Amino acid sequence: MDRSEGKFYLTTPIYYVNARPHLGHTYTTLACDAIARRQRALGVDTFFLTGTDEHGQKIERSANAAGKSPQQFTDEVAGEYKQLWDRLGITYDKFIRTTSEEHKRGVQAMFTLLKERGYIYKATYSGQYCVFDELYVDVDTPGAPCPDCGRPTETVKEENYFFKLSALEDQLLKLYTETPNFIRPETRRNEVIAFVRSGLKDLSISRTTFKWGIPVPDDPGHVIYVWLDALCNYITAIGYGSPDKKDQQQYARYWPADLHMIGKEIVRFHCVYWPAFLIAAGLPLPKQIVAHGWLLFEESKMSKSRGNIVRAETILDVLGADAMRYFLLREIVFGQDGSFSFDALVQRYNSDLANGLGNLASRTLSMITRYFDGAVPAPPKQSSEAATAIKQQAESVIEGFGAKFADYDFSGALRDAWSLIATVDGYIAEMAPWKLTGEEDRAKLSEILYTCAESLRVVIALAYPILPDSTARIWSQLGLGDIAKFELRSLKWGQLSAGTKLGKVEGVFPRADKSAIERMQQMEQERNTPAAPAATSNENTPATPAAQSAQPAIPAPAPVAGSGTITIDDFMKVELRVGQVKTAEKVEKADKLLKLTVDIGTEVRTIVAGIAKAYDPEKLIGRKVVIVANLAPRKLRGIESQGMIVAASFGEEGVPALASFLEEVPVGARLK
């Protein structure tokens with residue numbers, strides 16, 4: 001939720017280190033980073049935690065298989081997570097590792113407290129154990145498949161410490177009933193309630209069959225169960241169990257957490273075991289646990305066997321961090337499973353960023369530079385009906401964006417903000433500011449460009465937590481300095497001061513073509529060298545074979561030989577726009593060529609066209625035509641032609657016929 005005062009403590013799950021980071025891990029972390037950035041922009045004291053889970057039998061076995069010590073193995077993989085988060089600009093306040101001394105001290109303090117309060121006892125257990133899930137399972141046959149992940153179980157008989165989970169069944173159900181927002185979304189809450197109502201058994205919380213873990217206090221033959229160990233990171237990272245006064249003050253300041261963000265496959269551990277441990281210890285409970293869905297690759301869950309795991313580095317190398325951030329939070333309805341594909345990524349990038357936000361920024365700032373010497377014009381005292389309507393929409397977007405973001409509806413919030421961009425694009429096309437060149441038009445031109453610039457500022461301020469790099473650049477181009485210093489809670493229409501000098505205007509989102517898709521596919525193929533054995537999911541869980549291992553091959557689609565067809569990506573490369581002929585004249589010593597100047601909305605282009613035998617120059621003045629606006633310039637008879645006019649060709653001699661319109665179409669409109 002948005003808060004204008006107090007504190008906000010949020011956490012990602014800590015990621016299990018027998019898997020390299022991939023796009024599934026990145027999705028969770030980016031969502032938390034966007035929340036943390038918005039909270040800070042609202043002036044809230046924010047603490048953002050992420051990190052890695054590094055103990056357990058799986059890690060011990062994986063390290064042995066790799067010929068490394070468990071510590072060396074975990075150091076390497078944890079380092080990859082931290083390196084990626086740093087490259088992505090994740091604004092975490094702390095990166096916790098469960099192999100750290102501070103964590104070990106805190107976990108042992110929690111174990112001792114639970115034992116002192118009568119919730120831990122020692123007993124002998126014999127049964128089936130799933131190494132993958134780090135969990136005893138309720139099956140009777142030796143080697144029977146685990147009911148969660150389907151892998152064969154192992155028969156284990158050992159002395160364990162047990163936690164009295166069964167004694168807390170009623171208190172947990174009371175928690176879920178009296179605090180309905182404790183678990184979100186509701187589907188996950190209902191699953192947890194059903195699980196608890198089916199009956200809880202006491203939970204084994206120590207192991208003696210391996211050594212890679214935190215020793216039980218005063219009984220070093222036992223190591224503490226990986227989930228009690230891992231879950232305690234949320235309190236040990238902020239000072240629980242520390243003798244240092246500053247650490248104790250930090251824990252008192254930030255606990256309880258305002259938000260635990262997790263994947264839906266680890267709901268049971270976070271929504272049953274974790275609150276049970278805290279209730280038994282007499283510690284405050286987190287305020288909310290939110291479980292997001294899985295990230296699917298082209299409608300299939302990411303899986304090593306399918307060869308469809310995607311690494312964030314691939315997207316970073318080709319399109320950059322903001323493209324990935326925007327796609328994941330705009331395309332996927334948070335809480336539901338979402339689909340990823342390189343095609344969808346590039347299409348969304350081009351439509352919303354290159355042609356949407358980037359184009360609005362370029363058009364608006366370029367026209368202010370051209371018509372007002374790079375200074376923001378003053379709006380009139382009395383706004384026109386069209387400008388007033390945009391102001392009202394912007395005010396509605398400001399309010400709605402905050403409400404949706406607070407409800408984790410990132411996709412809906414961004415959709416609303418981009419609807420303002422679409423409205424302003426239509427406003428520019430309708431008002432045609434490039435036509436208002438007379439002195440008597442200055443007031444109207446000022447209003448149009450101020451309205452566009454202020455709309456751009458509003459969208460940039462709202463989108464900053466999701467697009468931190470690109471919005472900071474556009475904010476600077478608007479002449480507004482460092483966007484990180486802007487107080488988001490004060491955002492309202494009309495704050496852009498007339499006379500503000502623009503910075504250097506530069507493009508922010510260059511358009512991506514089909515080669516971007518091919519490059520990303522090729523990079524994934526080249527990264528298909530396993531670096532960590534037996535990789536798992538984005539958390540230490542039963543239901544995530546998806547996150548298994550490193551970089552699989554993602555085959556590029558094979559072309560259909562001789563089909564004569566093109567893809568939508570091929571078509572989207574061509575930028576067709578409506579232009580209006582301003583002047584026309586014959587080219588000397590060229591029977592077929594005319595030299596035209598054509599207004600395409602944002603500028604006037606010179607175009608040489610081979611239509612002289614079909615059209616008299618004077619009859620073309622004022623005519624609307626279709627031009628290819630992104631064609632590379634070339635010289636014809638010494639004249640640089642900055643585009644191509646679209647025409648049909650018929651008859652044996654190929655007589656040209658210009659494409660035209662029956663309806664009134666604004667200059668600059670794009671054909672799709």
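This note goes through selected local features of a predicted model, point by point.

1. Basis. Residues are numbered from 1 along each chain as its sequence is written, and side-chain values use heavy atoms, with hydrogens and water left out. Because the model is predicted, local features need pLDDT of at least 70 and side-chain atom pairs count only at pLDDT 80 or more, whereas totals for chains, interfaces and linings use all residues.

2. E54. This residue sits in the loop between β3 (45-53) and α2 (57-65); helices (H or I, at least four residues) and strands (E, at least two) are DSSP runs, numbered from the N terminus. E54 is buried, its relative accessible area being 0%. Buried here means under 20% relative accessible area, exposed over 50%, and partly exposed in between (1.4 Å probe, protein chains only). The E54 side chain has a polar contact of 2.6 Å with the side chain of T52 and another, also given as 2.6 Å, with the side chain of R97. A polar contact is a pair of N or O atoms within 3.5 Å; within protein, one must be able to donate a hydrogen and the other to accept it, and residues adjacent in sequence count only if both atoms are side-chain atoms. Apart from neighbours within four places in sequence, E54 is in contact (heavy atoms within 4.5 Å) with V17, I59, T74, A78, R97, T98, T99 and W212.

3. Cis peptide bonds. R184 and P185 are joined by a cis peptide bond with omega about 0°, and P185 falls in the loop between β8 (183-184) and α6 (186-197). The bond from W255 to P256 is also cis, with omega near 10°. P256 belongs to the loop between α9 (245-254) and β13 (259-263).

4. Positive phi outside glycine. D373 has phi near 55° and lies in the loop between α13 (342-372) and α14 (385-406). D373 is exposed, at 64% relative accessible area. K589 has phi near 60° and lies in the loop between β18 (576-586) and β19 (594-599). K589 is exposed too, at 78%.

5. Three-stranded sheet. An open antiparallel sheet of 3 strands runs in the order β10-β12-β11. β10 (206-207) and β11 (215-216) are the edge strands with a single partner each, so one side of each has no neighbour in the sheet. Strands count as paired if DSSP finds at least two bridges between them. β11 pairs with β12 (residues 219-224) in the antiparallel sense over 2 bridges, and P215 is opposite V223 in β12.

6. β7 and β9 run antiparallel and are joined by 2 bridges; F162 stands opposite S204 in β9.

7. Largest pocket. Its volume is about 650 Å³. On a 1 Å grid over the protein atoms alone, a cavity is a set of points where a 1.4 Å probe fits but cannot get out, and a pocket is an open set with protein on both sides within 12 Å along at least five of seven lines; lining residues have an atom within 4 Å of a point. Grid points are joined across faces, edges and corners, and a volume is the space filled by probe spheres set on the points. The lining has 27 residues, and Y136, V137, D138, K201 and D202 are the closest to the pocket centre. β5 (120-130), β6 (135-137), β7 (154-163), β9 (203-204) and α10 (267-281) each supply at least two lining residues, with the largest share, 4 residues, from β5.

8. Helix α17 (residues 468-477). Its buried residues are P468, S470, T471, I474, W475 and Q477. These pack against α1 (23-41), α12 (321-331), α13 and α16 (442-463). Just after α17, G479 has a positive phi of about 85°.

9. Strand β14 (residues 289-292). I289 and A291 point one way and V290 and H292 the other, and all are buried. In a regular strand the side chains alternate between the two faces of the sheet. β14 pairs in the parallel sense with β8 over 2 bridges and with β13 over 4 bridges. I183 is opposite I289, and M261 has V290 as its bridge partner.
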